Amino acid sequence: MAHHTDEELETKEMDVKSFSSSQRQATSLPYIHKVGVPPKQNLFKEFTTAAKETFLSDDPLRHFKGQSGPRKFILGLQAIFPILEWAQSYNLKKFRGDLIAGLTIASLCIPQDIGYSKLANLPPQYGLYSSFVPPLIYAFMGSSRDIAIGPVAVVSLLLGTLLQNEIDPTKNAAEYLRLAFTATFFAGITQVTLGFLRLGFLIDFLSHAAVVGFMAGAAITIALQQLKGFLGIASFTKKTDIVSVMHSVFGSAHHGWNWQTIVIGTSFLCFLLFAKYIGKKNRKLFWVPAIAPLISVVLSTFFVYITRADKQGVQIVKHIEKGINPVSLNQIYFTGENLLKGFRIGVVAGMIALTEAVAIGRTFASMKDYQLDGNKEMVALGAMNVVGSMTSCYVATGSFSRSAVNYMSGCQTAVSNIIMSCVVFLTLEFLTPLFKYTPNAILSAIIISAVLGLIDFEAVVLIWKIDKFDFIACMGAFFGVVFASVEMGLLIAVSISFAKILLQVTRPRTAMLGRIPRTNVYRNIQQYPEATKVPGVLIVRVDSAIYFSNSNYIKERILRWLTDEEELLKAAYLPKIQFLIVEMSPVTDIDTSGIHALEELLSSLRKRDVQLVLANPGRTVIDKLFASDFANSIGENKIFLTVADAVVTCAPKSVEEA
């Protein structure tokens, strides 16, 4: 026992001598700043600041500060209905642009809506209903100037697939329709809730790569589904995977295909693709691909009518119910087992619709250089779907193809949506009988030409170049949709996105640093091979916050760096490591598990006779290091403002030699 005490005293004496020696050496060195320890924060203030940054990061109430009561009331109304704000500066010039844009997107949306309603397994008039009421609501509540509202292919297919898994649309058409309205209602409620509670950041968990893959897979699936109308097949599979669809297509090749239908579909598909090509080659001719679908419908309908091709097996739309949207509030399920089914389907459809709409809105807002409030958008989209569910509409959202046409047509405000809605109203009231002889093949051709734009090859190539894990997420979502189902592809997309987050959180990057020649800058030696290591010192940087999820890994990774470096030094007969400097500037936060991991690291290093040194811990980190008493355990003289200061103090001879 006495011998052990003598050893401890001898070690302490050596430490004191070493420290006093290093202090004498440091007297001629530049002044070293101490790390600032922030004053104690009020707990309530700290909590409210964190909550504000999480949920109110854009400070939405800043406009109300210092305003009178009546002015606050007006600003509140403008926050809910942005039309009250921009309508004050509305003029004839802007109306001219909106009128042209509204008429142009109306010519595109009418044939698309009839086709998209078939994707949702609904009668054609419900697609038109969904381009009448929702755009009006959005025009008053939405903050985007360019987004065009209505049914879209991906959401229509997703909704149709999920709904038919619960209820057969042919045997129980009335119940299927009620479930569609219920799902639309809860899609709207989901969107309003996310916007009202400022939870818009949740949709960002679905990565861009996963969305690209999902959209491309959905485009292939939608195009394959159109082979029924394109080839005139009467009996077709209800499954959406490519194997089942191809089996159904080729299984009916000898007796199910109709050559007249194929001729109509192929001819007009070539016309539509040629129109899109013209529009891409010359941006001034954007109106050509915009009106091409309506021209195709008019010509093909006239052709079928005068030749009576429907008598030769060409399938036609037949009856589209005349009149505007009937009230459907009494058809929504608010009780029973179908309530839960509608809720589940609505949440999924609402999230996908929201992701697409917000992405489209942000894209065009950045092109015109104005700010888009994501949470306001969610409330507007949700409100229009809630109202839509009560007026015989199914889930509507922003359409990329229509929004692009709207933008290129020179739209100025959301009035273009009102113009489009008015045209759809006139169509429902007076023109629906004219679509009786419209062949299904032309609707299939319109949908195929529209969804091909969802396949973004350039984005896939860019994802491959930038991040291979993102590429896996992209391909996983794509193959999940194509070979399994839309919901499976969506599940894979979400799963891989979360897996990436977990991987990045649990396995953060670390790096060994070296000194850039002729500077006091220390950087990653893998990025800068010319950077030199400091003899007797190992410098490691942690590129992440240290939490319970990664603290053990970070501790073990640092010790592995140390072990590997010591083995290299031993093999080269060089002096061993005396100091381990941890660069903590990227460490934004640390929790109790992280503190515990540092304590274990300190203990392990002491057993190896290596001193732990910290460089540049941030405000939050240094506050917690002192609160936990770890700063005293390591010693305040071992916490430095920069890596250079730490090296100057720990290895002054190496610095002088360099």
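Reader: What covers the buried residues of helix 22?

Author: The cover includes helix 8 (153-164), helix 10 (208-225), helix 15 (337-368) and helix 21 (468-483). Helices here are DSSP runs (H or I, at least four residues), numbered from the N terminus. Bear in mind that this is a predicted model, where local features need pLDDT of at least 70, side-chain atom pairs count only at pLDDT 80 or more, and totals for chains, interfaces and linings use all residues. Residues are numbered from 1 along each chain as its sequence is written, and side-chain values use heavy atoms, with hydrogens and water left out.

Reader: Which residues of helix 22 are buried?

Author: Val486, Gly489, Leu490, Ala493, Ile496, Ser497 and Lys500. Buried means under 20% relative accessible area, exposed over 50%, and partly exposed in between (1.4 Å probe, protein chains only).

Reader: What puts them on the same side of helix 22?

Author: They cover an arc of only 135 degrees around the axis, so they share one side of helix 22. The arc is taken from the directions from the helix axis to the C-beta atoms. An α-helix has 3.6 residues a turn, so residues three or four places apart point the same way.

Reader: Why is Pro293 called buried?

Author: Its relative accessibility is 5%, so Pro293 counts as buried. Pro293 is found in helix 14 (residues 287-307). Leaving aside neighbours within four places in sequence, Pro293 is in contact (heavy atoms within 4.5 Å) with Leu108, Pro111, Leu272 and Ile446.

Reader: And why is Trp464 partly exposed?

Author: Trp464 has a relative accessible area of 44%, so it is partly exposed.

Reader: How many aromatic pairs does a search of the whole structure find?

Author: It finds 13. Rings of Phe, Tyr and Trp (its six-membered ring) pair if their centres lie within 6.5 Å; planes under 30 degrees apart count as stacked, over 60 as edge-to-face and the rest as tilted.

Reader: What makes the pair of Phe185 and Phe186 edge-to-face?

Author: Their ring centres are 5.2 Å apart and their planes are at 80 degrees, so edge-to-face it is. Trp464 and Phe471 get that label too, because their centres are 4.9 Å apart and their planes at 75 degrees. Phe185 and Phe186 also form one aromatic cluster with Phe334 and Phe343.

Reader: Where does Arg145 lie?

Author: Over the face of Tyr370, at 4.1 Å from the ring centre. The test is NZ of Lys or CZ of Arg within 6 Å of the ring centre and within 35 degrees of the ring normal.

Note on methods
Helix = DSSP H or I, 4+ residues; strand = E, 2+ residues; numbered from the N terminus.
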